[in-house]
There are 2 protein chains.
Amino acid sequence: MSKPVIAIDMGGTMIKIGIVKEDIILSSTAIIADSGNGLRQRLPHIEQAVKDLLAQQGFSCKDIAGLGIASPGIIDSTRKKILSIDKKFGDAPDIDLEEWCRQTFDLSFCIENDARAALLGEWKYGRAKDLDNVVLMSLGTGVGSAAIVEGQLLRGKHFTAGILGGHFVINYKGEVCNCGNKGCVETEASTWKVSSMPNNIHHEQPFSDYKTVFRLAEEGDSNALAIRDQSLDVWAACAINLIHAYDPEILILTGGIMASGSYIIPHIKNQTDKHAWTPWGKVSIEAAAFPSSSALYGMNYLVNSQNK
Amino acid sequence: MSKPVIAIDMGGTMIKIGIVKEDIILSSTAIIADSGNGLRQRLPHIEQAVKDLLAQQGFSCKDIAGLGIASPGIIDSTRKKILSIDKKFGDAPDIDLEEWCRQTFDLSFCIENDARAALLGEWKYGRAKDLDNVVLMSLGTGVGSAAIVEGQLLRGKHFTAGILGGHFVINYKGEVCNCGNKGCVETEASTWKVSSMPNNIHHEQPFSDYKTVFRLAEEGDSNALAIRDQSLDVWAACAINLIHAYDPEILILTGGIMASGSYIIPHIKNQTDKHAWTPWGKVSIEAAAFPSSSALYGMNYLVNSQNK
């Protein structure tokens, strides 16, 4: 039997920390990310939270198989470094996290992109169990993705394969994205963009999140309706591009926005059924089995694979 | 030493046939595709052309390792069937080509998508030799693509992985493509589309190919310039999506349009350098080493791999 793992999911708003054994969270907590102030200042808080969780379970580090971090951005999972990360946690590429993990807990360490980690969690324990061709699309602050093709998690030469679905061009005449590209999925519709979307900026009180957009659209607000409908079309185009790129049998939807959008799955299903070129049949479009913990399960899987 | 291979590249206009040994064409010919009338009526002509080439070399079928066909469309390379193909060669999915090859030549048979075959030719013998992360983009009647990620040719669950670059959505509010999708690369700019592009339809004599478009653009024709510039932007967006999807170190450009466009590579290079999210450096954008024969070399490689 494998030992439990300390799994950490670095979100932009909250950092989730759990002691995980297979797909069971033995105990977990979450601390404020305060990501604008960087990751280094968070490390003592993470350390304390981990120690509290261990104490709660009566564990010492000897009872643990290792520690795994799911992080946004481009992650070198071989050299265990964060290569590139959005403004959030901007100091992270300069921190030797493996060394921090060794000094603090004397545990083996691994790190992976958060969408890849979530996909691994769903693949090993959740919605994509026993399937070998799976794509995940995550709708949150940004739009994330990851792909498993013929049983292999795509990482690529520079660790960007599969994860840049949010930066597919879907409007080649569109605006410049914060990644430097033009007309990306994210810059057409995502939480970081929503407050400056065309139908929002002329609104007296611009909506700052999709929860509000979806609620007011239901109530018939015309700006909210326009933003909702444009966003659904953008995400459907992203889903079609992911399907055309990776040829999956299932596309798993996850991320914070999913919580408030009962429209999202039916709309994307309708669009991919209608427009994706899949002469063999239809791609399943499904919600994640573990919307808030698949990345923790994925890191549990990676730590155990690494220790084998 | 491996024996030579009969390699056939089924283009929409011409069918190329060669006797190929590694990256050497011992002899070759081309016959009119007449693709609008289907593939079945072409088989006796292909048979005759192959027999002429064999005779020319003093070969019998016993001297040959096998026969390989590079075909447009979605190809099941395991069951050796054409699954889906555009209007051209519309009867091809109903033909048992393996059986035809056995009865006609008593040779082992293989078949692969033409862009994948071209990529394999460039990977084994041409521009991408010794590289393990390579994307090919082909600009012709349509827009084709193929990808090798971490040394593996992507085929996917239903044989569509890597090859649908021409059907990435790059204008999610765009027109319906002949694949059923909206705002695909191909429907924004490709040879089959050029005569009905917005800047063309109001022209007294619409341009029917890019050779004319590029020539007249050089001479300052404003409609030709508009079509040229839009097309370059569309293909650059396609290249960026291929880079974001597959994380290659090199993107190889090939296809009929390349012959008349000295602008194409510099423009795409400029756009991908500027807009692709590749924090590790810049993707090489290069012309194919064998623009007209890489698919033949690729089929030589596949036939020999299959016989091992």
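Predicted model: local features only at pLDDT ≥ 70, side-chain atom pairs only at ≥ 80, totals over all residues.
How many salt bridges does the structure hold over all chains? The structure holds 26 of them, where a salt bridge is a side-chain nitrogen of Lys or Arg within 4 Å of a carboxyl oxygen of Asp or Glu. Residues are numbered from 1 along each chain as its sequence is written, chains are lettered from A and ligands numbered from 1 in the order in which they are written, and side-chain values use heavy atoms, with hydrogens and water left out.

Because Glu112(A) lies in strand S7 (residues 109-113) of chain A, and Arg155(A) in the loop between strand S10 (152-153) and helix H4 (185-188) of chain A, the pair ties together parts that are 43 residues apart in sequence. Helices (H or I, at least four residues) and strands (E, at least two) are DSSP runs, numbered from the N terminus. Arg155(A) counts as partly exposed, at 22% relative accessibility.

In chain B, the side chains of Arg79(B) and Asp76(B) meet in a salt bridge, 3.5 Å from N to O. Arg79(B) is exposed, with a relative accessible area of 58%, whereas Asp76(B) is buried, with a relative accessible area of 5%. Returning to chain A, salt bridges that share partners join Glu112(A), Arg116(A) and Arg155(A) into one network.

We now turn to the place where the chains meet. In all, 44 residues of chain B are in contact with 44 residues of chain A, contact meaning heavy atoms within 4.5 Å. The size of an interface is often given as the accessible area lost when the parts come together. Between chain B and chain A the buried area is about 4000 Å², of which carbon and sulfur atoms give 60%; buried area is the accessible area (1.4 Å probe) that two parts lose on being put together, summed over both.

Across this interface the rule finds 2 salt bridges, and Glu249(B) forms a salt bridge with Lys157(A), with the closest N and O atoms 3.5 Å apart. On the side of chain B that touches chain A, helix H8 (222-246) and helix H9 (264-275) of chain B each supply at least two residues, and H8(B) gives the most, with 9 residues. The residues of that side divide into 20 nonpolar, 15 polar and 9 charged, where Ala, Val, Leu, Ile, Met, Phe, Trp, Tyr, Cys and Pro count as nonpolar, Asp, Glu, Lys and Arg as charged, and the others, Gly among them, as polar.

From chain A, consider Gln271(A), which has its place in helix H9 (residues 264-275) of chain A. Gln271(A) counts as buried, at 11% relative accessibility, and, not counting residues up to four places away in sequence, Gln271(A) touches Ala236(A), Ile240(A), Ala276(A) and Lys182(B).

What of the cysteines? A search of the whole structure finds 0 disulfides over all chains, a disulfide being a pair of cysteine sulfur atoms within 2.5 Å. The sulfur of Cys101(A) is 8.4 Å from the closest cysteine sulfur, in Cys61(A), which is too far for a bond. Cys179(B) is in no disulfide, and the nearest cysteine sulfur, that of Cys184(B), is 3.8 Å away.

Finally, the backbone deserves a look. Most residues other than glycine have a negative phi. Glu22(B), however, has a positive phi near 55°, and its place is in the loop between strand S2 (14-21) and strand S3 (24-32) of chain B. Glu150(B) has a positive phi near 50° and is found in the loop between strand S9 (143-149) and strand S10 (152-153) of chain B.

Key: Buried < 20%, exposed > 50% of the residue type's maximum accessible area, 1.4 Å probe, protein only.
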